[in-house]
Amino acid sequence: MAALTLHPDRLLPAEPGVRAIARRLYEQVADRPIISPHGHVDPRLILDDQPFADPASLFIQPDHYVTRLLHSGGVPLTALGVGEGPLSEERAREAWRLFCAHWHLLRGTPVRYWFESSLAEVFGVAERPSAGNADALYDQVAAQLGRDSHRPRALLDRFGIEFLATTDDPADDLAAHRALRDDPAVRTRIAPTFRPDRYLELGRPGWPELIKELPGDVGTYAGYLAALEERRRYFVSLGAVSADHGHFDAGTEPLPAAEAGRIYRSALDGTVTPREATAFRRHMIFEMARMSCDDGLVMTLHPGVWRNHHPDTLAGFGPDTGHDIPVQVELTAALQPLLDRFGTHPRLHLVLFTVDPDVYSREIAPLAGFYPAVYAGAPWWFLDNPSEIRHYQRAVTEIAGFSRMSGFIDDTRAFCSIPARHDMSRRLDAGFLAELVATHRLDEDEALDTLVTLVDTQPRKVFKL
Amino acid sequence: MAALTLHPDRLLPAEPGVRAIARRLYEQVADRPIISPHGHVDPRLILDDQPFADPASLFIQPDHYVTRLLHSGGVPLTALGVGEGPLSEERAREAWRLFCAHWHLLRGTPVRYWFESSLAEVFGVAERPSAGNADALYDQVAAQLGRDSHRPRALLDRFGIEFLATTDDPADDLAAHRALRDDPAVRTRIAPTFRPDRYLELGRPGWPELIKELPGDVGTYAGYLAALEERRRYFVSLGAVSADHGHFDAGTEPLPAAEAGRIYRSALDGTVTPREATAFRRHMIFEMARMSCDDGLVMTLHPGVWRNHHPDTLAGFGPDTGHDIPVQVELTAALQPLLDRFGTHPRLHLVLFTVDPDVYSREIAPLAGFYPAVYAGAPWWFLDNPSEIRHYQRAVTEIAGFSRMSGFIDDTRAFCSIPARHDMSRRLDAGFLAELVATHRLDEDEALDTLVTLVDTQPRKVFKL
Amino acid sequence: MAALTLHPDRLLPAEPGVRAIARRLYEQVADRPIISPHGHVDPRLILDDQPFADPASLFIQPDHYVTRLLHSGGVPLTALGVGEGPLSEERAREAWRLFCAHWHLLRGTPVRYWFESSLAEVFGVAERPSAGNADALYDQVAAQLGRDSHRPRALLDRFGIEFLATTDDPADDLAAHRALRDDPAVRTRIAPTFRPDRYLELGRPGWPELIKELPGDVGTYAGYLAALEERRRYFVSLGAVSADHGHFDAGTEPLPAAEAGRIYRSALDGTVTPREATAFRRHMIFEMARMSCDDGLVMTLHPGVWRNHHPDTLAGFGPDTGHDIPVQVELTAALQPLLDRFGTHPRLHLVLFTVDPDVYSREIAPLAGFYPAVYAGAPWWFLDNPSEIRHYQRAVTEIAGFSRMSGFIDDTRAFCSIPARHDMSRRLDAGFLAELVATHRLDEDEALDTLVTLVDTQPRKVFKL
């Protein structure tokens, strides 16, 4: 059996002189609390604090980062339990076996890195997964899942998560968040995030039914706006710090109110055209910025994804199952109307995420390097890996400086990977800063100050914590 | 005279610790057989086994990688014999002299690297080419070209080429391939590749005449489809493993059969519009995928090139003379119809090449990281160089892992450069893997296994050898 | 107080072996004269040779590289005196204090690097700027500004600037250039640059008035062409070597003369449409290339910038105040008409700049690697930083070789930063070449020859000095 070990210098630069600097820097932030202002952990997981059911439903079944890699290598999603409810032990064990047998598919990916960290640090796994040891590892992990030390709240404490934002539907009553807020045993601050995408896309099937879940009279455009404003205030009252927006493009062109009202009515009638629905959605992103200036919610934007690229997989397994594919993004023109109006507004924080890495140096950094409202969101989703993180660091820093970065965002639903993801970011930040020190572009005291800022101060500032 | 020497560690990482790992890895694959599943060697070169005529017609005249560099530096293509038949010794020598005198134009390019390897390893050249030694080098190379040791078959063996695919017209009778297949003295497996581009572009001048070269009744759309299917089967019967497609864009939208038939008839009548021709071509790429699912031919796609950008050069010297220029590529939307239907088909292998490197991380890797049919084609043409290969390795591996790579493709008509091109790839793969080992992201045994896979197993799997 | 020191190896590669090579190379070019073929220094600065007024108006007020970074960090442009005339000492001192207090915003940017070099080398500053030492540094710099040693001409000599091009309006009488040419005390060759953008954009507000500043009868299209030709000749007569063109896109489609004339008349009438104005401007770029073939002016093109993205800032502070934002660029199609006609013309030098780095490998290098007229312009504006310069070096060299590069362009209005900008480029060129030597792709004598060429020979050749 090959050993699975975590080298203390992993991910630090290979050159010994630079590594020594990076190590000194990293040590100063390695144990800092985790601030996670954007992610997809279910608040009921923390509220209920039930033990995780089994290794497969913890590590594999819900994590499209993993299942898409196995799928591309020929493993059917059915065999991994994707889109299903709880798995029998037999099926969980089978999914875990497939995962271990295909461990080699993860080589060179960040998923592998996160897994190694989680397995070794959280479950004490010391062997490289393989077909041969799959059952033994399953038993080892499963045994610990039954212990109090590995229930969600215990892990939350152990991981040192100081702030954790979830992602929530505007119509959600946030009962779990309310209960968590009122529970003195929960030391982590857990906050909802306002995610209204579905309500802004008038052409979606079922939209007229959907908006009935909003409060008040949504039979008029004015009532719809008021309902969204009210729900935002409600989210704020329960600790929300941001509103998150993910649409196909980044358009923000406002419409005259009368035109917005007309399109809204046609959507209620079921006669809205795709072109009108797109215009309305872009208008609403502008409106969302206006509301953010009022209620203070940080606005995060992540355009540029073709959702559910493979219809058969959507039909069989549901959304978020690994077949969302990036498309090219344009921001300079798309955001101009919003920034024209709100780009220097003192209450607006607009964090721009992308899965098209070309826009870091071409658009995001130049925008963030002028507009006080704009921050360059950390690499996200497909780009949350060492190479793209280094690309982001270089592209953004050279043009806009460190102060325009958002700080790290883990964006994950894989609970056990949260510390590994933040740790990867800290190591890469340390390595990048060490390169600047080694090439005499920054003094080491400045590098350390910058690193602490990136890990701690900056996310608090950007997300108004 | 400056020496020309090949350092044993060339192209390996500069940092001594990483280099030591890379060297250990490289040594394990340096002498592995060459698998070349896509290229442009003429099969009659091997069949006839005639000595190469002279250094210029071997190294310069047919190789647009070289001639465009000299042209950009002010050397007229006429002086290099581009687009001509056999050169007199005087003209060959003059072309060679121009090449040697402009050797500095190749600094920093992969062409220089390939040349150095070919000259040193195949012809024992030990001096850096220059105006001063051009004639002496010409004589040195020319003398060896006359020997049996330097005839095509001898070089084929010496280079260790186990599999070599050519690129062929669907109407070709493949007589050379048939003869090679039946010749027990040829140890290399030489296979044709089905390249139907011209037949799918209804708007090309002369298309109605061209398709008459296809068998059967091509007076109807159904007959045309049948003819293409038959030619594909014929290619398969003579060892073809792939069909290669290079059009301006990557569109794959199918048409209703009646509409396809209507456009086909209008093309026969000479009344097809450019828009119709484009729609038909995109439809046919979808059809080609369907046929690949039937007959098993691997489908390789390389969109995004503006062919013959300089009309005067086309008129004077013909196509493939160095003025094809890349354009931006879009794949996520373009391939969606094809992948919707065939993306999980067990017989489809779709290898995506690009000369727009932006799509590696934005589109190709995400597609290959979900669809079992999709492989990320190795950097090709303008991108077949150390920097872009490193970019590809990082972009694809981080998102989709090593298992979704195609393995190396030399794509060359420069026969003597084949081993140098594969060797460059092996060195760069070893260096990339060594970096992962040095930063503790991969154990060395895994790195070695991965390297052997990339060099040997993966191209066999992807190209169904 | 933290020290500000310039390490002799700054910006050279961190790996000791590579650094040693880079240092040897760099030392050979460190003190070479500066050739600056594109920039924005006001010729009257040199002509009048008045002392610089104060540290803020020298270093901060006019430099949008600096002011946009401070603005993004929350410093109002008013506080920095942007867009104003001369500052009182009180206001200058306050701007300087804000700058020093926000020194950390510059970490990781090239602006910081340029500042450190300027402060240390030109003014002997040995302390890192901060709120605490702002007044002392102000006094230290201000005292030297009063000395003869720090007047513009003295600095011009001290910086070793052999050639300096300014940027000038076609209607400018170039009186300052004439006086400089006739002044034997000016050792630097100072040349105007023909920058006709405003005259080619018929749809600009005030265009009908603007063109009346051109000589002759501009009431007809023919007269307009003649006027531009005459102004070009006048610029040439006073030493101009290039014409510079910066429009939104790179289109070069010629129009029939009658159509151009029709649009021209409609612009005089004030009835031109945006579409017509764009078509005319693209036509005129083609015409500018034709004129360059006649009069020999090098043609520099830098498309792809959304000017004045924030209208309020434009209204309050004027143009060139930090809110120009890049957009995506397309060159292959856009330049095809121009290159079809003039791409092999022996008198055309077309230098392609970009702020969209994607086009280096996809379009610029392939174009420059075929067309003798095309050169790959050095990274410019947002891309004038170590990471993007390295990207450019790799992208262009691998595809087109060193001989197709333009040589460095500082493009600055920040007079004191000129030597630091060229020094950064020389260090990065040395480092890049050292990497090629260390990986055995180039011999050290070739690397040195290449470096000298890049620093000295190439800009003279490309800009016909």
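This is a predicted model: local features need pLDDT of at least 70, side-chain atom pairs count only at pLDDT 80 or more; totals for chains, interfaces and linings use all residues.

Let me begin with the aromatic rings. Over all chains, the count comes to 82 aromatic pairs, with ring centres within 6.5 Å as the criterion.

Consider one pair in chain B. Phe59(B) and Trp96(B) are tilted, with 6.3 Å from centre to centre and 45° between the planes. Phe59(B) belongs to helix H3 (residues 55-59) of chain B and Trp96(B) to helix H5 (residues 89-101) of chain B; at 37 residues apart, the pair links distant parts of the chain. Both Phe59(B) and Trp96(B) are buried.

Now to chain C. Why is the pair of Phe59(C) and Phe115(C) classed as tilted? The ring centres are 5.2 Å apart and the planes of Phe59(C) and Phe115(C) meet at 40°, so the pair is tilted; the stacked class requires under 30 degrees, and the edge-to-face class over 60. Phe59(C) is in helix H3 (residues 55-59) of chain C while Phe115(C) is in helix H6 (residues 110-123) of chain C, so the pair ties together parts 56 residues apart in sequence. Phe59(C) and Phe115(C) are each buried.

In chain A, one aromatic cluster is formed by Phe59(A), Trp96(A), Phe99(A), Trp103(A), Phe115(A), Phe123(A) and Tyr138(A).

Rings also meet charges. Arg421(A) lies over the face of Trp114(A), 3.6 Å from the ring centre. In chain C, the charged end of Arg404(C) sits over the ring of Tyr375(C), at 4.4 Å from its centre.

I turn next to the domains of chain A. The domain assignment gives domain 1 (52-150) and domain 2 (152-462). Their C-alpha centres lie 29 Å apart in chain A. To the contact, domain 1 of chain A brings 23 residues and domain 2 of chain A brings 26 residues. The two domains of chain A bury about 2,200 Å² between them, and 67% of that is on carbon and sulfur atoms. Which three residues supply more than any others of the area that domain 1 of chain A buries against domain 2 of chain A? They are His64(A), Tyr65(A) and Trp114(A), which supply 28%. Trp114(A) is also the residue whose ring face lies under Arg421(A). Between domain 1 and domain 2 of chain A, the count of salt bridges is zero.

The interface between chains A and B comes next. Here 44 residues of chain A are in contact with 40 residues of chain B. About 3,700 Å² is buried between chain A and chain B, with 52% given by carbon and sulfur atoms. Ser72(A), Arg107(A) and His309(A) supply 18% of the area that chain A buries against chain B, more than any other three residues. How many salt bridges are there between chain A and chain B? The count is seven. In one salt bridge, Arg107(A) is joined with Asp449(B), and the closest N and O atoms are 2.8 Å apart.

Finally, two backbone angles. Asp320(A) is not a glycine, yet has a positive phi of about 55°. Asp320(A) is found in the loop between helix H15 (311-317) and strand E7 (325-326) of chain A, and its 35% relative accessibility makes it partly exposed. Asp411(C), also not a glycine, has a positive phi of about 55°. Asp411(C) lies in the loop between helix H18 (386-400) and helix H19 (418-438) of chain C. Is Asp411(C) buried or exposed? At 10% relative accessibility, Asp411(C) counts as buried, because the limit for that class is under 20%.

Methods: Residues are numbered from 1 along each chain as its sequence is written. Chains are lettered from A and ligands numbered from 1 in the order in which they are written. Side-chain values use heavy atoms; hydrogens and water are left out. Rings of Phe, Tyr and Trp (its six-membered ring) pair if their centres lie within 6.5 Å; planes under 30 degrees apart count as stacked, over 60 as edge-to-face and the rest as tilted. Helices (H or I, at least four residues) and strands (E, at least two) are DSSP runs, numbered from the N terminus. Buried means under 20% relative accessible area, exposed over 50%, partly exposed in between (1.4 Å probe, protein chains only). A charge sits over a ring if NZ of Lys or CZ of Arg is within 6 Å of the ring centre and within 35 degrees of the ring normal. Domain bounds come from an automatic or database domain assignment. Contact means heavy atoms within 4.5 Å. Buried area is the accessible area (1.4 Å probe) that two parts lose on being put together, summed over both. A salt bridge is a side-chain nitrogen of Lys or Arg within 4 Å of a carboxyl oxygen of Asp or Glu.
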